[in-house]
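The following paragraphs walk through a predicted model. They begin with its sheet, go on to the helices and end with a single residue.

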Amino acid sequence: MIKKVFVNGEEIGRLNYFIQHRDNSIFLSLFRLNPQFRNKGYFKYLFAEIVSIAKKNNIHIIYLSVGGEDNISDDYIFALYQRYGFVGDKRRMMLDIRNL
């Protein structure tokens, strides 16, 4: 499912996620902040949106992979996800929202 995220009427980014019923988790295939909103504190809104989606669906685990971001270093993205509580390696990171 694709979800556009807005702040003050402006689209700041998009999420593309799949609810995986077999293990009651969400796989986040796209976690994209539009370029003009980067490095300005807007990532927290994308993060809050996916956590809200998980809670509404009674899901505790969010998975994602690092890579393919628009000219952004994978190491930078990896470190950003770690700051928000994701653990694992670049191929598969996981967040248990019960630990937030």
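Two strands count as paired if DSSP finds at least two bridges between them. On that basis the model, which is predicted, holds an open sheet of 6 strands in the order 1-2-3-4-6-5, and the pairing is mixed. The edges are taken by strand 1 (2-7) and strand 5 (87-89); each has a single partner strand, so one side of each lacks a neighbour in the sheet. From one strand to the next, the twist averages 25°.

Strands of a sheet pair through backbone hydrogen bonds, in either the parallel or the antiparallel sense. For strand 4 (residues 61-64) and strand 6 (residues 92-96) the sense is antiparallel, with 4 bridges between them. Within this pair, Y63 lies opposite M94 in strand 6.

Helix 1 (residues 43-56) packs on it with contacts to strand 1, strand 2 (10-20), strand 3 (25-33), strand 4 and strand 6. The direction of helix 1 makes about 160° with that of strand 3. Helix 2 (residues 74-83) also packs on the sheet, where it touches strand 3, strand 4, strand 5 and strand 6. Its direction makes about 15° with that of strand 6.

The last stop is N16, a residue of strand 2. Is N16 buried or exposed? Buried means under 20% relative accessible area, and N16 has 18%, so it is classed as buried. Leaving aside residues up to four places away in sequence, N16 touches M1, I2, F27, L28, S29 and L30.

Note on methods:
Residues numbered from 1 in each chain as written. Predicted model: local features only at pLDDT ≥ 70, side-chain atom pairs only at ≥ 80, totals over all residues. Heavy atoms only, no water. Helix = DSSP H or I, 4+ residues; strand = E, 2+ residues; numbered from the N terminus. Axes fitted to C-alpha atoms, helices over the stretch in contact; angles between N-to-C directions. Contact = heavy atoms within 4.5 Å. Buried < 20%, exposed > 50% of the residue type's maximum accessible area, 1.4 Å probe, protein only.
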